[in-house]
Amino acid sequence: MSLRQALHGSKAPETRTIYINDPLRNTFCKNSISTTKYSLWSFLPRYLYLQFSKAANAFFLLITVLQQIPDVSPTGKYTTLVPLLVILIISGIKEILEDYRRHMADKIVNAKNVIVLRQNSWYKLTWQEVNVGDIVKACNREFLPADLVLISSSEPQSMCYIATANLDGETNLKIRQALSETAEMKTEKQLLDLAGRLECEGPNRHLDSFSGTWWLRDKSPFPIGPDQFLLRSTQLINTQWIIGIVVYTGFETKFMQNSVKSPLKKSSVEKVMNVQILILFLLLVVMAVVSCVGAIVWNKLYGADTWYMWQDPTSNSLVFDVLVFIILYHNLIPISLLVTLEFVKYTQAQFINWDEDMHYKVNDVYAMARTSNLNEELGQVKYLFSDKTGTLTCNMMIFKKCTIAGIIYGQTPSYATESSEFDGSLLLNNIDNGHPTEQYIKEFLTLLCVCHTVVPERDDHDIVYQASSPDEAALVKGAKRLGFVLTTRTPYSVTIEAMGEKYTFEILNVLEFSSNRKRMSIIARTPEGKLRLYCKGADTVIYERLSASSLFVKETLSHLEYFASDGLRTLCIAYTDLTEKEYKQWLEKYKKASITLHNRIQRMEECYDIIEKEFLLLGATAIEDRLQEHVPETIATLLKANIRIWVLTGDKQETAINVAYSCKLISGQMPRIHLNGNSLTVVQQMINQNCEDLGSLLGTENDIALIIDGETLKHALHPETKKMFLNLALSCRAVLCCRLSPLQKAELVDVVKKRVKATTLAIGDGANDVGMIQTAHVGVGISGNEGMQATNNSDYAIAQFSYLEKLLLVHGTWNYFRVTKCILYCFYKNVILYVVELWFTFVNGFSGQIIFERWCIGLYNLIFTSLPALTLGMFEQCCSQRSLIRFPQLYTVSQTGEIFNTKVFWIQCLNALVHSFIIFWLPKKMLEKDTVLQRGYTTDYLFLGNFIYTYVVVTVCLKAGLETMSWNKFSHMAIWGSILIWLVFLISYSNFWPTIPIAPEMTGQGEMVLTCPHFWLGFFVVPIACLIQNVIWKSIRNTYYKTFLEEVRERERGKVIEFELPRISENRMKAATLQKSLITQPHEIVFKSSSVDLSPPHGYAFSQTEQAVVTQEELVRYYDTTKTESKKSFL
């Protein structure tokens, strides 16, 4: 099923019946979850299928089969079979090790503990042992093991608070409430006496919906809905315990229903390589056919004279000869490349795992490469899709600053320290010293303590605040640190302790917050008996309700812009005094509105508007949605590396915008296109108008931000609008997508991936990020506070977003250079050796005779030339880590694929072809007049073959040296050691027979070759003749066509530690910028669309539960913290 089908599927869910306390009748899916690629039984067939889906492996399997045909293979039966088996075994071991890590990560999740009612008692079981129909108990701060229906809880009115950031990215808590029919079922006896059944809808992906019916014994059936439904992987907060019955488990939970099938990921380099292998195979077939034709022609011309070969010229089979030559030339495609890449990539993955710079010491978590197949893909990322909550932020709200009576208080935001809080020294001094604004300050802090829905609870001698809104919790905690402490809440009052004195405020009404109202008010009777309305909300709604006599209006507005520029979440603080008559008149209207049957919410909000007026402005608060360490710096660096960043979140639009400002993804002067429409026609008009406004700049990156919500995105991705929407989105520097479901995140990544044909990376830490992590070319999971789902489904796992900088710019760039150079080198060294066989056919009558001893051919890739390839793949560095971080522009070298593409590949192959021509024909001409050897030995084809073989080894090793950009001890050992190993082997192998019955034709060859003067002459002349052209070209390129990379390397070689952008590159950048500005100057953007916001941001954001089962007024009426009702578990 495609993502689009999954998102818009219309199949109606089936009904499920769950029998209570009757486990034998509940046979459903197990609760264990697996993210592994293989099982014990599927490993062999699936592994072989995946391996032979690779073009190279399929080709070598074909060669292995052909070699088993009698009298066909000139190179023996096992020269391909043995290396292929080695490759499959090594690759299999690597796959098993990587899958074992996934299995262990799954085991951690499946082995979590939960309390389950089994066999008349509570037992502690693992998650994977939980079944549908089980009654489970979860305690505060625990994650839920399955989808549950709430039976009862420890809180008043059987409420509970659920953190859903793991699923929808929202930071505010959700309120769920058990039905009154089950709310009192708390003891073992009550729960065991439950009998009946629960009917509900079948498993589906709709996170916000649920319907079912309780059928309990001796009771009439009663309905249950989403307000009683708890999702797997959500976290219980501010609630001592809950009891629920399991309705969905494992892959049938709503979270898992939102996951997408993990695709088989291949890197761009591997895809390019597979295409070249297919072309090489066709070229190989052409060479074989040409050789067959040559054999036919030669036999017709000279066949009659070769009576000593006892061969019938008419008995040749064309098919037979083609197969012979295919086997002869098959090593043009290097079988060693596959096993070399497995070693190289596995080592690269270990370098990532061992990197101390990506070691998060707070939790002792290292980076982890969960797969090594995509290492080079890290160096080609163009589009980065990031979650917000828990990925960019710490999911922690801190009261950071405020403005009171036109004066700013607080500390400048700090992203690098965990302990930075509100600095209240100036504020407290103004109170103590009787500053003219003293009364404003006290009223401001009093409002923070009174206008909220926070519940204080005693924890020994400390006060713990429970709140569904993290913003309200941050403000109340901030006031507490400044000496204004919320101590008690009763259903109709709050008591605060201000500067050592206690004050009780009677709470008359709560005027609830909503996204439409953008404010929340409390009508209270002060200790002095006055009626006062306290309000906090967005500047846009507070300012239009200010009294004409209100002060500090301009000062506060400028401070709001200042706070917003730092990405802080702002709320305006205001109040107004009410008369008894005014309040009574309004209360009558309020009561009528509250009992209206039609449009009750709208009528009540209209009633709120009547009394919320004539405000007196006190100031504004600024809350920091704390970022992870170094997030702004990391984003700035990635943008310089030409990586475009999209933020995909399930959270509110205002929250996402503030975070985008705080992490410097959006600047204050940047125009913001807001796409918010509820119909296809409206959305289409908005998109078309904005595209028209961009004009010729459409399709190029502009300093514009695009902001869109999930409902609008459904219409934007409609077939009629998708193309124009993508044109618009890809023309913006930053894209923020809010209120997205998990499937929408995955769908958007998939759409962009298919459209741009560039490498995409998705990063997140929650269960709602799994789909996009699996869909992107590269998926990165954050080992954060929202569970392990993202990590377990990722390709790479890191502990902090800032580690992405080194993962991409350093490891990604290095790995891309290493893998591509290793691939090019492996093809080069194989072409240079095995094309020699083609040249040899021109002098051996196209007979298929090989010029080298067969085991020398087999060991060429395994021993004599393997080390240079491995060192290139493991230790090559284009430049130092420091330079890659200092100059992110270097990332574009790997990102654009400049050093590995079809052109580069065939230039390397052509280069190898020329070298093979020189290496064959120069020694042949050198030995054409024969040579005099000691002890009466005569030269033969194998004598020439050993000459050529030696020159090939020397040439390819020296070529590896030319390709090496960073020499180290391993490079020297590999290059010089490989040459030495061959010479030692040549001497030893020549003396095996007859002691060891192998290669009798090689007897004495080592002594003959090494004592021949011609050999030593060619030992120096032939490699120089081959490589001199490469040396000259490299010198010219690095002198006259110097790249940015070469300039940086030149500075490094000169050991210039502190240097700015090289002058030439800086001038190039300035020229490019000037050219771009000249091009774009006549096309100044004039936005006609009303969806574009050009005004400076004011930073409004507020998280609060809306339209919950319990209203905000009911919530505060339920709690009485003066009573000591026990909430302990009934274990």
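Trainee: How far apart should the ends of helix α35 (residues 1013-1040) be, and why?

Mentor: A helix is a DSSP run of H or I, at least four residues; a strand is a run of E, at least two; both are numbered from the N terminus. The expected span is 1.5 Å times one less than the number of residues. Helix α35 has 28 residues, so it should span 40 Å, and its end C-alpha atoms are 41 Å apart, which agrees. This is a predicted model, where local features need pLDDT of at least 70. Residues are numbered from 1 along each chain as its sequence is written.

Trainee: Where does α35 bend?

Mentor: A bend is the angle between axes fitted to the seven residues ending at a residue and the seven starting there. In α35 the bend is about 40°, at Leu-1027.

Trainee: Which residues of α35 are buried?

Mentor: In an α-helix, residues three or four places apart point the same way, because there are 3.6 residues a turn. Buried means under 20% relative accessible area (1.4 Å probe, protein chains only). In α35, the buried ones are Phe-1015, Gly-1018, Phe-1019, Val-1022, Pro-1023, Cys-1026, Leu-1027 and Asn-1030. Their packing partners include α26 (804-841) and α31 (902-926). Contact here means heavy atoms within 4.5 Å.

Trainee: How many strands form the open sheet?

Mentor: Strands pair if DSSP finds at least two bridges between them. Here 9 strands form the sheet, with antiparallel pairing. Its edges are β17 (407-410) and β20 (484-490), each pairing on one side only.

Trainee: What joins β20 to β21?

Mentor: 6 bridges do, and the two strands run antiparallel. Thr-490 stands opposite Ser-493 in β21.

Definitions and conventions. Predicted model: local features only at pLDDT ≥ 70, side-chain atom pairs only at ≥ 80, totals over all residues. Heavy atoms only, no water. Buried < 20%, exposed > 50% of the residue type's maximum accessible area, 1.4 Å probe, protein only.
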